[in-house]
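Here are my notes on the model you sent over.

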Amino acid sequence: MQARFDATVAAEQRIEPRDWMPEAYRKTLVRQISQHAHSEIIGMQPEGNWITRAPSLKRKSILMAKVQDEAGHGLYLYSAAETLGVDRQDLTEQLLAGKAKYSSIFNYPTPTWADIGAIGWLVDGAAICNQVPLCRASYGPYARAMVRVCKEESFHQRQGFEILYELAHGTEAQKKMAQEAVDRWYWPSLMMFGPPDADSPNSAQSMQWKIKRFSNDELRQRFVDMCVPQVEVLGLTLPDPELSWNPDRGHYDFGEIDWTEFHQVLKGNGPCNAQRIAHRRKAHQDGDWVREAAVAHAAKKAARTKQ
Ligand code: FAQ
């Protein structure tokens, strides 16, 4: 069985839910996919915060669609996790209990409308860099989910870029607001790729299993290289004085990331960790009656078909 699994992975074919798989492979997938699902669900909050305050009806409808897409990604990913034999309710309970991880990036606040532009451009931009290679992940349901998710993320990224472009080419105050939002989100978006390779306990095995195709640092570098020309088009700057083209490496060199901040956010001490979980708990409680009604409806329907 192990030999067949290894051969399937080596041949770039997909492992499907009914195939035999090593227990550690299954566990790693549940860990990564559920964290990813939680990120999408918690990730609705920083932007949802601006739906009622979007500056025009057009912006409001675009933002509503984007946040709704994120809910869809979350549900899609929970379904992919369920193909590995876990229960969505258990995953949700772990999140509500504050035991499950989700991306550090969603623990930062969105004080201005420009933050919505910065999230779209930087956060969705980083998500695309990280997730496009996951479309080739060895586990079929995860890889297929990523194809659709990435298509939607690229629309999200462009809408964020466009918000920032408009602001950066508006009044002085608007340009300042755009620059400040980029300054706030740039470093946390670099942390989305995870710890440096030397401190990433899961990378080597996940790459061997072809779940991850590139290391955290490789994808982070790709993202920095992508941001530099784009920020020039925006007419803004990135808040890193050490950013410079390195012709020998063929990449941009960049400054040191504040890993203490990253670990603090992971420990629950980021600016919005407590608020995000409290909000998610309340939303879950507020949805109790919907779940009860759905169960009652299903029971009624089942009883009717038996008659
Ligand atoms: N935040 O050994 P590694 C989105 C944890 S995009 C929190 O390197 P791995 C779209 C890691 O889980 C955001 N925790 O781990 C959107 C591990 O903990 P564990 C979500 C982090 O798995 C946009 C430990 O550190 N995207 O939602 C972070 O090989 C806009 C050691 O790290 C994904 O989840 C972090 N930043 O690599 C939505 C993509 N980084 O479990 C709304 C799929 C690391 O051992 C608005 N995931 N950790 O206790 C992945 O590609 C990988 O899981 C990585 C981490 C690259 C995130």
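Among contacts in the chain between residues at least 6 apart in sequence, what percentage join residues at least 24 apart? The answer is 77%, among contacts between residues at least 6 apart in sequence, where a contact means heavy atoms within 4.5 Å.

1. **Ground rules.** Keep in mind that this is a predicted model, where local features need pLDDT of at least 70 and side-chain atom pairs count only at pLDDT 80 or more, while totals for chains, interfaces and linings use all residues. Residues are numbered from 1 along each chain as its sequence is written, and side-chain values use heavy atoms, with hydrogens and water left out.

2. **Overall build.** The chain has 13 helices and two strands; these are DSSP runs numbered from the N terminus, with helices being H or I of at least four residues and strands being E of at least two. The radius of gyration is 21 Å, close to the 19 Å from the globule rule for 307 residues, so the chain is as compact as a globular protein of that length. That radius is taken over C-alpha atoms, and the rule is 2.2 Å times the number of residues to the power 0.38. Along the principal axes, the C-alpha atoms fill a box of roughly 70 × 50 × 30 Å.

3. **Surface and burial.** Of the 307 residues, 49% count as buried. For this note, buried means under 20% relative accessible area, exposed means over 50%, and partly exposed is in between (1.4 Å probe, protein chains only). The accessible surface comes to about 15700 Å², and carbon and sulfur atoms own 56% of it. Those areas come from the Shrake-Rupley method with a 1.4 Å probe; for residues, only the protein chains shown count as cover.

4. **Charge layout.** The chain carries 38 positive and 38 negative charges, and their mean positions are 9 Å apart. Lys and Arg count as positive, Asp and Glu as negative, and His and the chain ends are not counted. Each charge is placed at NZ of Lys, CZ of Arg, CG of Asp or CD of Glu.

5. The whole structure has 16 salt bridges, each being a side-chain nitrogen of Lys or Arg within 4 Å of a carboxyl oxygen of Asp or Glu. Take R26 and E23, whose closest N and O atoms are 2.9 Å apart. The two sit three residues apart in helix α2 (residues 23-42), so about one helical turn separates them. R26 is partly exposed at 23% relative accessible area, and E23 is also partly exposed, at 43%.

6. **A salt bridge between helices.** D115 and R184 also form a salt bridge, with the closest N and O atoms 2.9 Å apart. D115 lies in helix α6 (residues 113-131) and R184 in helix α8 (residues 172-191), so the pair ties together parts that are 69 residues apart in sequence. Buried or exposed? D115 is buried, with a relative accessible area of 0%, whereas R184 is partly exposed at 31%.

7. **One more pair.** D253 bridges to R249, the closest N and O atoms being 2.9 Å apart. Here D253 is partly exposed at 25% relative accessible area, and R249 is partly exposed at 40%.

8. **A charged network.** Which residues are linked in a network of salt bridges? E47, K66, E70 and D124 are. E47 lies in helix α3 (residues 44-48) and is buried, at 1% relative accessibility. Leaving out residues up to four places away in sequence, E47 touches L63, K66, V67, E70, I116 and I119.

9. **Q32.** This residue lies in helix α2 and is buried, with a relative accessible area of 16%. Beyond residues up to four places away in sequence, Q32 touches L134, Y142, I211 and K212. Q32 and A178 are 146 residues apart in sequence and 33 Å apart in space, C-alpha to C-alpha.

10. **Backbone spots to look at.** E12 has a positive phi of about 65° although it is not a glycine. E12 is in the loop between α1 (2-10) and α2, and it is partly exposed at 44% relative accessible area. K210 also has a positive phi, near 60°, in a residue other than glycine, and K210 is placed in the loop between α9 (203-208) and α10 (216-234).
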